[in-house]
Amino acid sequence: MFKKNIQYKTPEEIEIMRESALVVSRTLGMLAKEVAPGVLPIDLDKKAEAFIRDQGAEPGFLGLYGFPNTLCISVNEQVVHGIPGKKPLTDGDIISVDCGALKNGFYGDHAYTFEVGEVSPEVKKLCQITKESLYIGIQKAKAGNRIGDIGNAIQRYTQKAGYGVVRELVGHGLGRDMHEEPQVPNYGKKGTGPKILDGMVLAIEPMINMGTKRVKQLNDGWTIITADRKPSAHFEHDVAIVNGKPEILSTFDYVEEALGIKKMSLNTVSV
Ligand code: MG
Ligand code: MG
């Protein structure tokens with residue numbers, strides 16, 4: 001599944017990848033206005049597909065490894081890789097919407113966990129801490145560090161809140177392939193793993209469970225759920241290493257504007 005060598009990108013390729021990432025960012029922003037109780041995940045999927053194609057891009061997940069849809073929509077105890085279905089969303093649900101796009105030969109791939117209607121304080125906190133942990137991890141994606149530093153920061157930040165960090169699924173390099181080396185776990189030891197260098201583009205994506213870290217796969221062959229059926233949250237950004245520093249190619253600005261919530265960034269989050 002993973003290409004063997006890390007594919008370092010030129011500055012020109014990173015600019016192309018920024019546009020691929022923004023196709024996804026704009027799509028998530030459009031979806032932010034659509035998510036509501038009573039809405040069918042499959043309808044969100046159809047809207048996303050049309051919206052991506054209107055931007056001169058192709059859905060990145062559709063057909064990838066045989067996946068049947070444009071979006072992965074994972075509700076409540078579903079962690080990732082949920083198949084958009086016909087069960088209406090309910091007040092109090094959370095849904096991870098993961099979206100990929102292919103434009104000019106490069107992929108964008110990122111995800112946001114949306115609250116449906118009014119969500120319990122415990123679940124709200126899970127989403128908030130998971131989103132914060134994404135930025136905490138990205139802060140470590142700088143030259144001189146190693147990949148393990150990213151996961152270590154995410155793990156420490158989320159475990160402090162008592163959450164379980166999924167082990168079986170990880171972030172990844174991103175480029176002409178959806179999944180490239182290096183793998184980017186959300187757990188690990190400081191100072192381990194490949195060196196972080198300019199030209200790397202990483203999809204960093206904490207998957208954080210309210211309860212146990214253990215997960216299992218449903219019989220559909222795709223959907224990953226928590227073993228204890230407690231909720232799970234998932235946020236993802238596409239990050240390029242430029243001049244030694246992390247540069248986030250994707251943005252949640254469209255989502256945060258649509259939801260009328262405060263913008264989170266590398267500067268607004270600290271341990
Ligand atoms: Mg993704
Ligand atoms: Mg990904």
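Me: Are Tyr112 and Phe114 buried or exposed?

Reply: Tyr112 is buried, as is Phe114. Buried stands for under 20% relative accessible area, exposed for over 50%, and partly exposed for what falls in between, using a 1.4 Å probe and protein chains only. Please note that this is a predicted model, in which local features need pLDDT of at least 70 and side-chain atom pairs count only at pLDDT 80 or more, while totals for chains, interfaces and linings use all residues. Residues are numbered from 1 along each chain as its sequence is written, chains are lettered from A and ligands numbered from 1 in the order in which they are written, and side-chain values use heavy atoms, with hydrogens and water left out.

Me: Thank you. How many aromatic pairs does the structure hold?

Reply: There are five aromatic pairs. In one of them, Tyr112 and Phe114 are tilted, at 4.9 Å centre to centre with 45° between the planes. Rings of Phe, Tyr and Trp (its six-membered ring) pair if their centres lie within 6.5 Å; planes under 30 degrees apart are stacked, over 60 edge-to-face, and the rest tilted.

Me: And what about Tyr112 with Phe252?

Reply: That aromatic pair is edge-to-face, 4.9 Å centre to centre and with 80° between the planes. Tyr112 belongs to strand β5 (residues 106-115) and Phe252 to the loop between β15 (245-248) and α5 (253-259), so the pair ties together parts 140 residues apart in sequence. Helices (H or I, at least four residues) and strands (E, at least two) are DSSP runs, numbered from the N terminus. Both Tyr112 and Phe252 are buried.

Me: Which residues do ring pairs link into a cluster?

Reply: The cluster consists of Tyr112, Phe114, Phe235 and Phe252.

Me: Let us turn to the metals. Which residues are the protein donors of the magnesium ion (ligand 2)?

Reply: The donors are Asp109 (OD), His172 (NE2), Glu205 (OE) and Glu236 (OE), at 2.1 to 2.2 Å from the ion. A donor is an N, O or S atom within 2.8 Å of the metal (3.2 Å for Na, K and Ca); water is not among the atoms, so sites may look incomplete. Along the sequence, the donor residues follow the spacing D-x62-H-x32-E-x30-E.

Me: Where do Glu205 and Glu236 lie?

Reply: Glu205 is in the loop between β9 (201-204) and β10 (207-209), and Glu236 is in the loop between β13 (232-234) and β14 (237-242), so the pair ties together parts that are 31 residues apart in sequence. Glu205 and Glu236 are buried.

Me: What coordinates the magnesium ion (ligand 1)?

Reply: Asp98 contributes two OD entries, and Asp109 (OD) and Glu236 (OE) complete the list, at 2.0 to 2.4 Å. The magnesium ion (ligand 1) and the magnesium ion (ligand 2) are 3.1 Å apart, with Asp109 coordinating both. Asp109 in strand β5 and Glu236 in the loop between β13 and β14 link distant parts of the chain, 127 residues apart.

Me: Which element gives the largest share of the pocket lining?

Reply: Helix α3 (121-139) does, with five residues.

Me: Is the peptide bond from Glu181 to Pro182 cis or trans?

Reply: The bond is cis, with omega near 0°. Pro182 is placed in strand β8. Most peptide bonds are trans, and most residues other than glycine have a negative phi.

Me: What is the phi of Asn243?

Reply: Asn243 has a positive phi of about 50°, although it is not a glycine. Asn243 lies in the loop between β14 and β15 and is exposed, with a relative accessible area of 67%.
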